[in-house]
Amino acid sequence: MRDRIHPEDLPLFLQMLGGAGKQFEFDCRVQLEDGTIKYLHVVADAVRDHAGGLVEWIGAIRDVTERHHAEGERRRHEAIFSEAERLSLTGSSCWRPPSDELIWSKEMFRIFDFDPHITPTVHMVRARIHPEDVPHFNQTVECAVRDGQDFAVEPRLLMTDGSIKYLQVLTHAFRDDQGNVIEFMGAVKDVTEQKQVEVELRQSEAFLAEAQRLSSTGSFAWRVSKGEIIWSEQTYRIYKIDPTLPVTFDLVGTRIHPEEASWFQELLGRASSEGRDLEFEHRLQMPDQSIRYLHVVAHATRDFDGQLEYIGAVQDVTERRRSEDAVSKLRSELAHMGRVSTLGALTASIAHEVNQPLAGIITNASTSLLMLADDPPDIDGALDSAQRTIRDANRASEVITRLRALFKKTTTASESLDLNEATREVLALSMSELQRGQVIVRTELANDLLPVTGDRVQLQQVVLNLVLNAAEAMSAIEDRPRLLVVRTERDEGDHVRLTVCDTGPGFDPQSANRLFETFYTTKRDGMGIGLSISRSIIERHQGRLWAAPSDGPGATFAFSIPRLPVLGRARKIDDPPISAVPNVEGMRGTV
């Protein structure tokens, strides 16, 4: 038997056998040949002779393996339940009204902040209840005992340090054969943090609702797969729709301006299929025929089931839009007046300054012909007249040179700039005009784009010119989306490239080079100077600007400039300066 005793229990076993006692009782383990363990309960009495010497042990051995496993499993379950109570801030209790006996789990002592070594009483519990909640608590418990019914109550505890705890109590009544309540078994949960979060949430909701009202901004959610739309109160107010009505796209469609109805449906279709973030402006036509302008921003995300949903905000920008339209109209009128004035002054200057040299050229040429017609010809006089003709021609050239010099400045403002950031600023400034033209803007700005050195304002004027030209080129397109793509990327030779693509009518590839000629335009009201000046700006940045037909409908304009200027590059005398860029109003309509 000794060989089967577990090594860890063998010393105690031998001690018991060799002891001087009359009997012993203990548990030990035995290890079987197959390696399994059995638990034994051993009880033995000593048999001794007249002299008190040990003769033998008489005892019984019982296999308690199953009982040991059951006790271990019970202890494990108790530990799990105790940990679950601690993590969930939930204690369990038993109250026997006939004797007022309370039996608590460990978590109950922690919730009530009682010493776990004391015996809890009903009096101690009621002393912890907040004074304002005591009447309701006592009434609820008395009715439950009288009627033998389950009860639920949410009292507050007033702790010794003055802090407040919120409890949620749920109990079940057990009755005897006569229907009398013998005990209540229940759970008590500490919901203090939950209550505090609820209070903060209600405050936040109140603040958010007031902020939305003051800023004329509502919020919404759209679960695409279910077609479910949720609006805030302010969104209902913006659309002037009864907040008791469920929101559907059919209901929203009654407010969309008729001219934008088809565009809006196409937008929803692309949003539900592509799952991209949205930002756009559109018009509402209210029941009183008034017009409202809305700015909508929505973020695409996925719910727990992986289904597409949008969360966004809608702002009533009617007043801002009216102000922008008024400013835009005034700016356009001023720009037109400025162009007319500038062209008038330029024309007058050219006519005045060039008139005399041209008159001299004609006079001298006529004189030279007369002298050559004499018999004999006056060769010396004709040569003098030819020299004077050359002089007057040079004078006319100098006049033009001086007029070009009026547009020059001596210095340019070069700086290190992020072309992506500069492009975003241009798009933000022109977003109102792009929205009016129902242009869909898609940006593909490279994340690894390196900074460039140049004049920020003038490079932005080039980008603005390309963007507005693209938008104007698509103004008459009705059979396809007016898509504008602005892309940045690294180019060869440590250059950076910006590309603007549109879905307009495009241009004849044979006229690609003429697009950049001064005063050449393909538009009825174009001036033909925007692209010419833009190319000059890019060339002064030691880059190049070009145009090409797109793979599909439309045109592609792009420029590429070096990250850093090449030192020591000789500047051509007739290069136009970067600073000779007119107001952007004068750059529109080139293509």
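Biologist: What kind of model is it, and what pLDDT do local features need?

Modeller: This is a predicted model, in which side-chain atom pairs count only at pLDDT 80 or more, totals for chains, interfaces and linings use all residues, and local features need pLDDT of at least 70. Residues are numbered from 1 along each chain as its sequence is written, and side-chain values use heavy atoms, with hydrogens and water left out.

Biologist: How far apart are the end C-alpha atoms of helix α9?

Modeller: Helices (H or I, at least four residues) and strands (E, at least two) are DSSP runs, numbered from the N terminus. The expected span of a helix is 1.5 Å times one less than its number of residues. Helix α9 has 14 residues, 261–274, and should span 20 Å. The distance between its end C-alpha atoms agrees: 20 Å.

Biologist: Why do the buried residues of α9 line one face of the helix?

Modeller: Buried means under 20% relative accessible area, exposed over 50%, and partly exposed in between (1.4 Å probe, protein chains only). The buried residues of α9 are Trp-263, Phe-264, Leu-267, Leu-268 and Ala-271. An α-helix has 3.6 residues a turn, so residues three or four places apart point the same way. Seen down the axis of α9, the buried residues line one face because they fall within an arc (taken from the directions from the helix axis to the C-beta atoms) of 140°.

Biologist: Which residues are exposed on the other side of α9?

Modeller: The buried residues of α9 pack against β10 (217–223), α8 (249–253), β12 (278–285) and β14 (308–316). Contact here means heavy atoms within 4.5 Å. On the other side of α9, the exposed residues are Ser-262 and Ser-273.

Biologist: Which residue in β11 is the bridge partner of Trp-222?

Modeller: β10 and β11 pair in the antiparallel sense, over four bridges. The partner of Trp-222 in β11 is Ile-229.

Biologist: In the sheet of three strands, why is one side of β1 and of β3 left without a neighbour?

Modeller: The open sheet has the order β1-β2-β3, with antiparallel pairing. β1 (23–31) and β3 stand at the edges, so one side of each lacks a neighbour in the sheet because each has a single partner strand. The twist from one strand to the next averages 30°.

Biologist: How far is Ala-60 from Val-43, C-alpha to C-alpha?

Modeller: Ala-60 is in strand β3 (residues 54–63). Leaving aside neighbours within four places in sequence, Ala-60 is in contact with His-41, Val-42 and Val-43. Ala-60 and Val-43 are 17 residues apart in sequence, but in space 5.4 Å.

Biologist: Which peptide bond is cis, with omega near 5°?

Modeller: Most residues other than glycine have a negative phi, and most peptide bonds are trans. Pro-376 is in the loop between α10 (318–373) and α11 (379–405). The cis bond runs from Asp-375 to Pro-376.

Biologist: What is the phi of Asp-100?

Modeller: Asp-100 lies in the loop between β4 (90–96) and β5 (101–104). It is partly exposed, with a relative accessible area of 40%. Asp-100 is not a glycine, yet its phi is positive, about 60°.

Biologist: How many disulfides does the structure hold?

Modeller: A disulfide is a pair of cysteine sulfur atoms within 2.5 Å. Cys-28 is buried, at 3% relative accessible area, whereas Cys-143 is partly exposed, at 27%. The number of disulfides in the structure is zero.

Terms used:
Two strands pair if DSSP finds at least two bridges between them. Axes are lines fitted to C-alpha atoms, for helices over the stretch in contact, and angles run from 0 to 180 degrees between N-to-C directions.
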